[in-house]
Amino acid sequence: MASNQTGHFAGKTIFITGAGTGIGRATALAFAREGASVAAAGVTEDDLRETVRQVTQQGGQAIAVRCDVTRAADVQAALAATIEAFGRLDYAFNNAGVEQKKATAAELEEDEWDRIMNTNMRGLYLCLKHEIPLILAQGGGAIVNVSSGAGVIGVPNSLAYTGSKHGVIGMTRSAALDYAAQNLRINVVCPGYIDTPMMDRFTGGTEEGREKVIQEEPIGRMGQPEEIANAVLWLCSDAASFTVGHALLVDGGQTIR
C-alpha cells in the first residue's frame, strides 16, 4: 500500500525507541496516520516487524531498526539507517525504558541500579546526543522524552526507577534550554498507569494486581497507549509551538491525589 502523504506530519520523519509494543507502537501508528515516516527502534526484532506491519497495513511508511539505547554504536547505526531510508529526521520520541524489581533502598542491588540507570538515563543521553544534530540539520523540530508519574512523586520500593525518571525530567529541561533558540523544542511526557506489557509485568498479570493499580487512578481505569501517543503528537505539533521543557502529566490524576 502506498505511503500516506497527507496529515499534519506529511513529509516528516520520526525516530521512536521502544517501538515494538505498548506506547511506542501506538505512537508509531499515530504519527504514521498523520503522514510521518517512522523509524521503529528497539531490541526485539519480531515486535518491531509487527509494528512496521501495522503501520504499512494502515497505509503508512516505516522501517524496523534494532537498537539497544545503552550502546552508542547501536544508536548511531539506527539513526544512520533512518536517514538512509527517509533522508531526514524531524522528531524523536525517546520511549525506551525499563522498570525496577521492587526493593527498598537498602535492599536494592548494585547491578539492578546499574541496569535501570543504563537504560533510562544513559540511553536517553545517547539518543539526545545523536538525534539533536540530525534534527538541527533540518532547521529544527521536536523531541519528546518519557518520564513517569514516578518522575514527580516518590514511589516506595523503587529507588532506581524513581530516581531515573526524576532525572529524565531534569535532563529534558536542561537540553530544552540548550536548543530552544534553534527551533528545537524538547519536552517530556509523564504517563501514569498505562495498559501495556510493562504494566502486565508490574501487576503480575493478575486481575488482583490490575485492580490494585486501578484503585490508585482517580479516573477509575488504566490509561491506554493511544492516550499517551496523542500527547506526544500534540507536543511535536505546531499547536505546542510555545511549549518548551515541559513535563506533561498524562496520568488520570494519579499524582495529584
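## Aromatic cluster and acidic patch

Asp-114 lies in helix H4, which spans residues 110-136. The model is predicted. Asp-114 is partly exposed, at a relative accessible area of 44%. Together with Glu-109, Glu-110 and Asp-111, Asp-114 gathers in a patch of negative charge on the surface.

Helix H4 also holds Pro-133. Pro-133 counts as partly exposed, with 45% relative accessibility. Which residue sits 44 residues away from Pro-133 in sequence and 9.5 Å away in space? That residue is Leu-89, with the distance taken C-alpha to C-alpha.

**Ring pairs**

The structure holds three aromatic pairs. One of them joins Phe-9 and Phe-31. This pair is tilted, with 4.9 Å from centre to centre and 45° between the planes. Phe-9 lies in the segment before strand E1 (13-16), while Phe-31 belongs to helix H1 (residues 22-33). The pair therefore ties together parts that are 22 residues apart in sequence.

Is Phe-9 buried or exposed? Phe-9 is buried, because its relative accessible area is 4%, and buried means under 20%. Phe-31 is buried too, at 0% relative accessibility.

Phe-31 also pairs with Tyr-91. Their ring centres are 6.3 Å apart and their planes meet at 45°, so this pair is tilted. Why is that angle called tilted? Planes under 30 degrees apart count as stacked and those over 60 as edge-to-face, so the rest are tilted. Tyr-91 lies in strand E4 (residues 91-94) and Phe-31 in helix H1, so the pair ties together parts that are 60 residues apart in sequence. Tyr-91 counts as buried, at 9% relative accessibility.

Phe-31 takes part in the pair with Phe-9 and in the pair with Tyr-91.

**Accessibility by residue**

The table lists relative accessible areas for the residues described above.

| Residue | Relative accessible area | Class |
|---|---|---|
| Phe-9 | 4% | buried |
| Phe-31 | 0% | buried |
| Tyr-91 | 9% | buried |
| Asp-114 | 44% | partly exposed |
| Pro-133 | 45% | partly exposed |

Asp-114 and Pro-133 both lie in helix H4.

Conventions. Residues are numbered from 1 along each chain as its sequence is written. This is a predicted model: local features need pLDDT of at least 70, side-chain atom pairs count only at pLDDT 80 or more; totals for chains, interfaces and linings use all residues. Side-chain values use heavy atoms; hydrogens and water are left out. Patches are made of residues with over 30% relative accessible area and no salt bridge: like charges are joined within 9 Å, nonpolar side chains (Val, Leu, Ile, Met, Phe, Trp, Tyr) within 5 Å. Accessible areas come from the Shrake-Rupley method with a 1.4 Å probe; for residues, only the protein chains shown count as cover. A salt bridge is a side-chain nitrogen of Lys or Arg within 4 Å of a carboxyl oxygen of Asp or Glu. Lys and Arg count as positive and Asp and Glu as negative; His and the chain ends are not counted. The place of a charge is taken as NZ of Lys, CZ of Arg, CG of Asp or CD of Glu. Helices (H or I, at least four residues) and strands (E, at least two) are DSSP runs, numbered from the N terminus. Buried means under 20% relative accessible area, exposed over 50%, partly exposed in between (1.4 Å probe, protein chains only). Rings of Phe, Tyr and Trp (its six-membered ring) pair if their centres lie within 6.5 Å; planes under 30 degrees apart count as stacked, over 60 as edge-to-face and the rest as tilted.
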